[in-house]
Amino acid sequence: MSEENKKSVWTPPEQYQQVESTIPGVDVFAPIPKTAVPDSPKKYACPNCGATTAYDVAAGGVACEYCGYIAPVHTVHVGRTAEEFEFTLDTISQSERGWGDKRQVLHCESCGAELSIPFGALTSTCPYCASNHVNVTISLNEELRPRFLIPFKIDAAQSKQLVINWLGKGWYHPDDLAANTVVGRLTGIYLPFWTFDTEVDALWRAEVGYEHTVRHYNPSQKRWETRTKIVWRWQNGDIQLSIDDFLVTGSSPRRISLRILKEISNFVMNGLVAYEPDYLAGWQAQVYETTLTEAWEVGKSAIREQAKKACYQDIPTNHIRNFSMSADFRDESWRYVLLPVYMAAYRSGDEAYQVMVNGQTGAVAGQKPVAWWKIWLAIGAMLAPGVLLGLIGLPLLLLGGSGVILLAMGFILFVLGGIFSFLLYRKAEQSEAK
Amino acid sequence: MTPTATTPVFDENQALWTENHQAAGCLQCGRVYLVQSDQIGQICPLCRKARLEPQPVRMRAAEPERILPFRIDKNELTTIYSNAVSRIWIKPVDFTPESLLRNTIPLFWPLWLVDSDIEGHWQMEAGFDYQVESSQEFYNGGQWRSRKQVEGRVHWEPRLGKIQTHVDNVSAQALEEYQNRVQMTGLYPLQQSRPYSPGLENQALLEVPDFPPEDAWPLAQPAVDQAVGEICVEAARAQHSRNFSIKADYSNLNWTQFLLPLYATHYTDDEGQPQILIINGVTGALKGPLLASSKRGSRIAGIVGGVAGGLLALALIGLLLTMVFPPASIIAGILGVLGLLTGIGALFPLVQPGQWNRNQTGPRIAKGPRF
């Protein structure tokens, strides 16, 4: 070694750490990973008075409701630029292992209690000392831990008002629904979602029918007539589809109504921030139960239907047969995010109903009781004109009068009334469905 | 550090690693070979302009470390020559497979193999292979069918570190005309080489390096660095690297030779000049000017032109005969057309060799260090 080099011993730059080398005599240094160790459980207590603290939507920080202490949350706004991950075989295999189904035990540092953490919970509140804990379930895989979330923008009081307003809408519900319903405690919960991006290159092939007007001579009528003839031609084409932030829930349908959840899933992904445990303090949060591959299958099925629809739109006529297509997915990527939802149950009569509020946009959806007498009355009103005309028309027909016209009109009105009645019934039924 | 020891000079009386060889040079091109005593006086295989004479030579006494044996035998050479000869329509008289085979001289040409200790620090972007899953969906007959596809990608990350290692047998230029020689021979499958032992060269001449290690080192160092880079890639468990750089001290350099086989042959062109052809002794790739003979072309053109002239003369006579025998005009016409066509055809052998030779722009053997 030269004298100059001997004097200055080489040292690796900061932010680098030594990693394993497979060859003796060669030292290898690599950048220190951004998160080398998983997030450890974190307890929230007020540094002033020792009381439990929680994230306060209005204050935008972790607040103590006793002494007024507020600690701002370190917010890193990432929006739609939040990091996305590829479908590497490693990630897919790790995702398929899921979180396991063991209940964990957490030692509460405040009171010493041993807390049993239910499956999938990211947060916990000690039932003995009410202290809030975050990161109680930890993913050992860096990519599969929550990396981004949308914080709650609507607080519990606002969401309750939104629910009451929503209850007051609609004519076929009990009149006193909004006034008399006691909306239970709205539980703010961060639910797991997968977002998917992909480019789709689709090729379609089909027989496409073009209408042609043909003039021909009708010998029986002894005149020229026109008729429309469809000429079929094989055609093909291609479309490109760009999918950005396609949302699929990571919650299990066993625990949550996916129908209701879908109705409130109008999240604005520009609101994404980097995951920070402070946002979860005092709130519930769940890890995913639907694995990445399961969610992607759901997403892919929906996306390929979108592609099929786009292919149909690409075809210049409505006459299509023997349609086939292929859809190549490329540059697929995913994100695992936590999104804010309020969930509540309310009672109306003897039944309990579920309602959800989007914690970011305030969209409300849920089950709503139906005043069935209103439905039956409406159905009766819709069928009545047809029945009435039929009742008038039938005797007139028997008497040899002009009852045929009234009978025909009655039949048409009855059929129309039947269709509208069926639709109304279905809508009412869905309103109560889980 | 670079090699500082000067290369010793051996004269024709000194023994080398083998007692059977002695140094002999070509006074015309300046190339030097180690030859067996009965090969003194034979024509220089790479210039074919002078005979080899004993002479002192500046070279290292150590025997070569590795050798790549000949894989092309005489039968294969005949086929190679036949293929080359068949490509030329009007060839020089001497350009035949038999003549080329008769003129063939096997020889080994040298590369340096350098060993070095290395101590320093390095950095690179290390590439790690990974696989991603992609989907293809097919819709037909109202049913969807899925197919998964796995695609390989490379993930790049910075890596750096220290190194204290030793590299062996990094090949480096040992001839001034190295670039030209590589052009002439093409690439060799170096992995097929074996350790050298005396006698493996058989009757082949051994070309002596004319590019000493002192000069070769600056050109060899990038190859040594590349070898170190490969070590670092392996150490980092990576599969690829880019932007590799190293700051290191190189010590204990050891230079040995690596012998590569080639056949040299020649034919004589129109001007009586020897045209050298080089054949890779392993792959059989032949390089060198494949010239057509303009002189023979002209001769053929003259003969064909003469025939054309004769036909035209007969046509003229036939034309004169029409005055006394009118049907002769038909024969005269036919002879005239034939004469014209033959005359036009005579231009082809006149022009074609020149055109062919103009397209012979491939590499030619260098003239030698003397030039």
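This text goes through a predicted model, from its two chains to single residues and then to the spaces between atoms.

In this predicted model, local features need pLDDT of at least 70 and side-chain atom pairs count only at pLDDT 80 or more, while totals for chains, interfaces and linings use all residues. Residues are numbered from 1 along each chain as its sequence is written, chains are lettered from A and ligands numbered from 1 in the order in which they are written, and side-chain values use heavy atoms, with hydrogens and water left out.

Chain A contains 8 helices and 20 strands. Helices (H or I, at least four residues) and strands (E, at least two) are DSSP runs, numbered from the N terminus. Of the 434 residues in chain A, 44% are buried. Buried means under 20% relative accessible area, exposed means over 50%, and partly exposed lies in between, for a 1.4 Å probe and protein chains only. A contact means heavy atoms within 4.5 Å. For chain A, 72% of the contacts with a separation of 6 or more are between residues 24 or more positions apart.

Chain B has 6 helices and 13 strands. Its 371 residues include 47% that count as buried. Among its contacts between residues at least 6 apart in sequence, 78% join residues at least 24 apart.

Helix H5 of chain B covers residues 294–321. At 1.5 Å a residue, its 28 residues should span 40 Å, and its end C-alpha atoms are 40 Å apart, which agrees. The expected span is 1.5 Å times one less than the number of residues. Buried residues in H5(B) include B:Gly297, B:Ala301, B:Ala308, B:Leu311, B:Ala315 and B:Gly318. An α-helix has 3.6 residues a turn, so residues three or four places apart point the same way. Part of what covers the buried residues of H5(B) is H6 of chain B.

Helix H6 of chain B runs over residues 328–358 and holds B:Asn357. Leaving out residues up to four places away in sequence, B:Asn357 touches B:Leu290, B:Leu291, B:Ala292 and B:Ser294. A polar atom of the B:Asn357 side chain lies 2.7 Å from the backbone nitrogen of B:Ala292. This is judged as a polar contact: a pair of N or O atoms within 3.5 Å, where within protein one must be able to donate a hydrogen and the other to accept it, and residues adjacent in sequence count only if both atoms are side-chain atoms.

Elsewhere in chain B, B:Gln173 belongs to strand S8 (residues 143–173). Because its relative accessibility is 13%, B:Gln173 counts as buried. B:Leu111 is 62 residues away from B:Gln173 in sequence, but the two are 5.5 Å apart in space, C-alpha to C-alpha. Apart from neighbours within four places in sequence, B:Gln173 is in contact with B:Trp112, B:Tyr178, B:Phe211, B:Ala216 and B:Leu219. Its side chain also reaches the backbone oxygen of B:Leu175 at 2.9 Å.

In chain A, A:Cys67 sits in the loop between S5 and strand S6 (70–72). A:Cys67 counts as partly exposed because its relative accessibility is 38%. Its C-alpha atom is separated by 7.5 Å from that of A:Asn48, 19 residues apart along the chain. With neighbours within four places set aside, A:Cys67 is in contact with A:Cys46, A:Asn48 and A:Cys49.

On a 1 Å grid over the protein atoms alone, a cavity is a set of points where a 1.4 Å probe fits but cannot get out; a pocket is an open set with protein on both sides within 12 Å along at least five of seven lines; and lining residues have an atom within 4 Å of a point. Grid points are joined across faces, edges and corners, and a volume is the space filled by probe spheres set on the points.

The second largest pocket holds about 830 Å³ of space. It is lined by 35 residues, and the closest to its centre are A:Ala54, A:Asn132, A:Arg185, A:Gly282 and A:Trp283. S4(A) gives the most to this lining, with 4 residues.

There are 5 cavities of 30 Å³ or more. The second largest cavity has a volume of about 60 Å³. Its lining includes A:Trp296 and A:Glu297 as well as B:Glu133 and B:Lys148. H6(A) gives the most to the lining of this cavity, with 4 residues.
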